[in-house]
Amino acid sequence: MIIFVLARADNGVIGVDGRLPWRLPADLRRFKALTMGTPMVMGRKTFESFPAPLPGRRHIVLTRDRGWSAEGAEVAHGVEEALALAGEGDVTVVGGAEIYALLLARADRIELTEVHCAPEGDARVPVFTGWREVARVAHPAEGERPGYDFVTLVR
């Protein structure tokens, strides 16, 4: 099963300058819970946005740069190669926008955090159309933190 895990603002923004445009500790805990023990497929910029490889998960990095390598990264140069490296079982796709676009037709489930704000950003993901919502948990805004919903979508 291919599972997208991402947070997206109401205006489609998922990132700015290689980082998240919000700080939501509950979303980070959810990300950890959903990805722990799975191979994660991501782009090079997403990998480089982590302070270090995340423990308990494989990092399969999809890049066009044939000379790129990094400690903790398994490098793939195409979707088929990345999925072959991941092997059997669940695979989580964790960004960025280009990687989501490449794998959207193959995705089985989307674990989405809808962040209720409209920040500036340089990475965007459009609304997922043709998906069925099977779960939603709403969280109100707190102080400077925007409200957000944890949403599960399936085909």
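This note comments on the predicted model shown above, point by point.

1. Basis of the model. The structure is a predicted model, in which local features need pLDDT of at least 70 and side-chain atom pairs count only at pLDDT 80 or more, while totals for chains, interfaces and linings use all residues. Residues are numbered from 1 along each chain as its sequence is written, and side-chain values use heavy atoms, with hydrogens and water left out.

2. Secondary structure. The protein chain has four helices and 10 strands; these are DSSP runs, numbered from the N terminus, with helices being H or I of at least four residues and strands E of at least two. Read from the N terminus, the order is β-β-α-β-α-β-β-α-β-α-β-β-β-β.

3. Overall dimensions. The radius of gyration of the protein chain is 15 Å, close to the 15 Å that the globule rule gives for 155 residues, so the chain is as compact as a globular protein of that length. This radius is taken over C-alpha atoms, and the globule rule is 2.2 Å times the number of residues to the power 0.38. The C-alpha trace spans about 45 × 30 × 25 Å along its principal axes.

4. The largest pocket. About 1,300 Å³ of space lies in the largest pocket. Of the 47 residues lining this pocket, the closest to its centre are Lys45, Thr46, Ser49, Gly95 and Gly96. A pocket is an open set of points on a 1 Å grid over the protein atoms alone, where a 1.4 Å probe fits, with protein on both sides within 12 Å along at least five of seven lines; lining residues have an atom within 4 Å of a point. The volume is the space filled by probe spheres set on the points, which are joined across faces, edges and corners. Helix α1 gives the largest share of the lining, six residues.

5. Thr152. This residue lies in strand β10 (residues 148-154). Is Thr152 buried or exposed? At 14% relative accessibility, Thr152 counts as buried, the term for under 20% relative accessible area, with exposed meaning over 50% (1.4 Å probe, protein chains only). Leaving aside residues up to four places away in sequence, Thr152 touches Arg30, Arg109, Ile110, Glu111, Arg132, Glu133, Val134 and Ala135; contact means heavy atoms within 4.5 Å.

6. Val127. The loop between β8 (123-124) and β9 (132-139) holds Val127. Val127 is exposed, with a relative accessible area of 62%. Its C-alpha atom is separated by 19 Å from that of Asp27, 100 residues apart along the chain.
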